Number of protein chains: 2
Amino acid sequence: MSLPEEIATIAKDARIASRVMANLSAPAKNGLLLSMASALEADTTSLMTENAKDIAAGRERGLSAAMLDRLLLDEKRISAMADGLREVAELPDPVGEISDMRRRPSGIQVGRMRIPLGVIGIIYESRPNVTADAAGLCLKSGNAVILRGGSEAIHSNRAIGAILSRTLQVAGLPSAALQVLTTTDREAVLELLKREEEIDLIIPRGGESLIRFVAEHSRIPVIKHYKGVCHTFIDANADLDMAEQICINAKVQRPGVCNAMETLLVHSDCAATFIPRITATLRNLGVELRGCPISRELVPDMALATEEDWQAEYLDLILAVRVVADIDAAIAHINTYGSLHTEVIITRDYAHSQRFVREVNSSVVMVNASSRFSDGNQFGLGAEIGISTTKLHSFGPMGLEDLTTRKFVVLGNGEVRA
Amino acid sequence: MSLPEEIATIAKDARIASRVMANLSAPAKNGLLLSMASALEADTTSLMTENAKDIAAGRERGLSAAMLDRLLLDEKRISAMADGLREVAELPDPVGEISDMRRRPSGIQVGRMRIPLGVIGIIYESRPNVTADAAGLCLKSGNAVILRGGSEAIHSNRAIGAILSRTLQVAGLPSAALQVLTTTDREAVLELLKREEEIDLIIPRGGESLIRFVAEHSRIPVIKHYKGVCHTFIDANADLDMAEQICINAKVQRPGVCNAMETLLVHSDCAATFIPRITATLRNLGVELRGCPISRELVPDMALATEEDWQAEYLDLILAVRVVADIDAAIAHINTYGSLHTEVIITRDYAHSQRFVREVNSSVVMVNASSRFSDGNQFGLGAEIGISTTKLHSFGPMGLEDLTTRKFVVLGNGEVRA
């Protein structure tokens, strides 16, 4: 079978399996996820053996220690992966909910029923736990899923996929509801992205270049976020103790993630007080600072921020600092340089809080809280399948419900249209 | 300026204008639409003069009488176009609604605010009233809009666009919030479909070939429906009087639209009673019938339906008829040949009604009502911008709300993440 034929078969099988998954009851889906969790734990030894092959290959290819750590599966991580599936089993099933049922003047009742999307393709890199996490969310929401991980984790992903597929079969369900692409050929991704007849949604998870590659080549809708350039704006009359605590949390608690603060904007009225204070605090915590000319008048030994700094997602202990004349300038800066991820205002001013919430374009806007909260779990969505910074279908952190859509249900008694 | 530069400027101007439109109050938007309605009526004479140029050109190109009729603008139609804008002004403004605001264990409050999508591109054919209808819906939902009608209506569309743009200017609003592409060059569409940085959504309205062209070339998300192959399934124990009335309405009332019935499926238990009766009735109303072999045993002078008939959107007084063994066969037929538009079951059986609603994949599923109800207005969405038969973002008839999305709003009191 040629590669295009092989991918076509995978996609068609997934489509057929998706019809079965769409009609499963919540208890059946939850039971399946719990069995998958147990099966992963029961196969810990073989999973670790397969993972060791990826680690050895990674060492040979000279992957960094950090990369190797992301690849690693040990007992604790396999257990965490299983617990992730158990947590998804606990979440309410979004499928089948009928809402907004209303009687129309014609007599018909019209409402909307939540249904699975159908077949979801996940294209990801590095961490093998994504295989189980994404599979859990897609199956719980009644979808079939095709998973394509990175070549660096191919042995681990295949092994996880085989265990999960086997659990589907044991449960009398179509194993094609969950398929892991076993080829690492990039052509396979390109073929997958052409199967618009069978696949309803593609979610790429990984670095910006992977996401751009997928978005450019896909004929299937893609939900994506390229990067998180999150801003915190300290308003003129902000509580500066609160501002300091939030800045520390947003920058230092976990700098390598997309909801960490990358740019600090400070109102000129409080700049002389706040900038020397926050820069000293952050420097003590190991943060490197890059400031605009005005902020460098206050803290002269800061490096000068360039145009690139305003666009940078450092994912590191680095922070760009800019003094702005007022809230308009802050909003304009964010709407120019932001990535539509998460933006924060620290303020005591009611009208400013309202304006910031309304006028900032991003998918998450916050008042007086750390950008680090921008996360499906923290928002009460349960586990998170990704964060969308594009506006169609989903905008912001995505949970189970974002893997579904709604159809119209019409209940009549013989009505005809006049 | 080259064509790509020209389109880039249009798209960038629209993006800038969209920020202004996003923050307009409902009264401001409603006032704008009412002024536009008055302006269209005040300019009836000049609109008819411009329209006459399209009609003359159409005659020269040998357009059919039906096509020429669709192009025509007379006083009554201009008035109807203005009334359409007035009706949209009456609809509730979806923008700014905050819903699902809940306190999380961390202390933060998380909710979702409805916001405009940004810039919407509408690519359409033939009827010039789409220019005003689509503009009204896009502006009311706080978006900027770029309109690209067909070359056959170019004079009419330009004239309508000029009137609406002028009204924006008079109201002190950016005229770039509504732009009509004045070139009929197909390259212009291709350039527009590349402006993913500025345009958030493309909605093609027209024939299947236009929609396929747009979907294939767009790097911007497209909401589309190719065709409506709507089914009505008469269950074994259906009320046959009701079934007959609904079939007449669904097939004959307005056969040229996408929610008309194209295929009738009849349970074998009632086929011998119902098929002779309904075929006689429909023939009397001028409907041509094409039947499966079993139905032709009952009505031998029906033409034999071929595989193409099961896939056909006739948009005409033609109906395909098939006898099916049971509800499973009916659902299987629909899920194989359907277009995800609208499907109907006529039944007295509660369990069957539930199964049909749950298991049929289409965007609208109905029990005991005519498929002709499948329409945004009938469903209570107000005016309709289109019907989506793809599942992402919107599925089924689309109203104002489908031109918006939701962002997360987080209200805190200094919370940081643990």
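Two residues are in contact here if their C-beta atoms, placed from the backbone, lie within 7 Å. Keep that in mind for the interface. One caution before we start: this is a predicted model.

Let's take the two chains together. Chain B superposes on chain A with a rotation of 180° and 0.0 Å of shift along the axis. The RMSD is 0.0 Å. That is the relation of a two-fold axis. Which C-alpha of chain B is nearest that axis? It belongs to His393(B), and the distance is 1.8 Å.

Now the contact itself. From chain B, 51 residues are in contact with 51 residues of chain A. Four elements of chain B give two or more residues to that side: α10 (240-252), α15 (350-359), β13 (364-369) and β16. Strand β16(B) supplies the largest share, eleven residues. By class, the side of chain B that touches chain A has 22 nonpolar, 18 polar and eleven charged residues.

Gly380(B) sits in the loop between β13 and β14 (386-388) of chain B. Leaving aside neighbours within four places in sequence, Gly380(B) is in contact with Arg102(A), Arg104(A) and Val110(A). Gly380(B) counts as partly exposed, because 14 other C-beta atoms lie within 10 Å. Within chain B, Gly380(B) and Thr167(B) are 213 residues apart in sequence, and their C-alpha atoms are 29 Å apart.

Next, Asp402(B). This residue is in the loop between β15 (396-398) and β16 (404-415) of chain B. Buried or exposed? Asp402(B) is buried, because there are 25 C-beta neighbours inside 10 Å. Not counting residues up to four places away in sequence, Asp402(B) touches Ile385(B) and Ser394(B). Take Ile385(B): 17 residues from Asp402(B) in sequence, and 8.6 Å from it, C-alpha to C-alpha.

On to domains. Chain A divides into domain 1 (3-224 + 402-410) and domain 2 (230-373). Their C-alpha centres lie 36 Å apart.

Follow the chain on to Leu340(A), in the loop between α14 and β12. Its phi is near 65°, a positive value in a residue other than glycine. Most residues other than glycine have a negative phi. Leu340(A) is buried, with 25 other C-beta atoms within 10 Å.

Val344(A) is buried, with 34 other C-beta atoms within 10 Å. Beyond four places in sequence, its contacts are His231(A), Thr232(A), Phe233(A), Met366(A), Ala369(A) and Ser371(A). Phe408(A) is another matter: 64 residues from Val344(A) in sequence, and 37 Å away, C-alpha to C-alpha.

Last, the nonpolar cores. The largest has 141 residues. Which of them touch the most other members? Val145(A) and Val145(B) do. Setting aside neighbours within four places, Val145(B) is in contact with Ile120(B), Ile122(B), Ala134(B), Ala135(B), Cys138(B), Leu139(B) and Leu178(B). There is a second, separate core of 54 residues. Its members include Phe233(B), Ile346(B), Phe373(B) and Phe379(B).

That's the tour. Questions welcome.

Technical notes: Residues numbered from 1 in each chain as written. Chains lettered and ligands numbered in written order. Predicted model: local features only at pLDDT ≥ 70, side-chain atom pairs only at ≥ 80, totals over all residues. Least-squares fit on C-alpha atoms with pLDDT ≥ 70 in both. Domains from an automatic or database assignment. Buried ≥ 20, exposed ≤ 12 C-beta atoms within 10 Å, placed from the backbone. Core = buried A, V, L, I, M, F, W, Y, C linked by C-beta atoms within 7 Å. Nonpolar A, V, L, I, M, F, W, Y, C, P; charged D, E, K, R; others polar.
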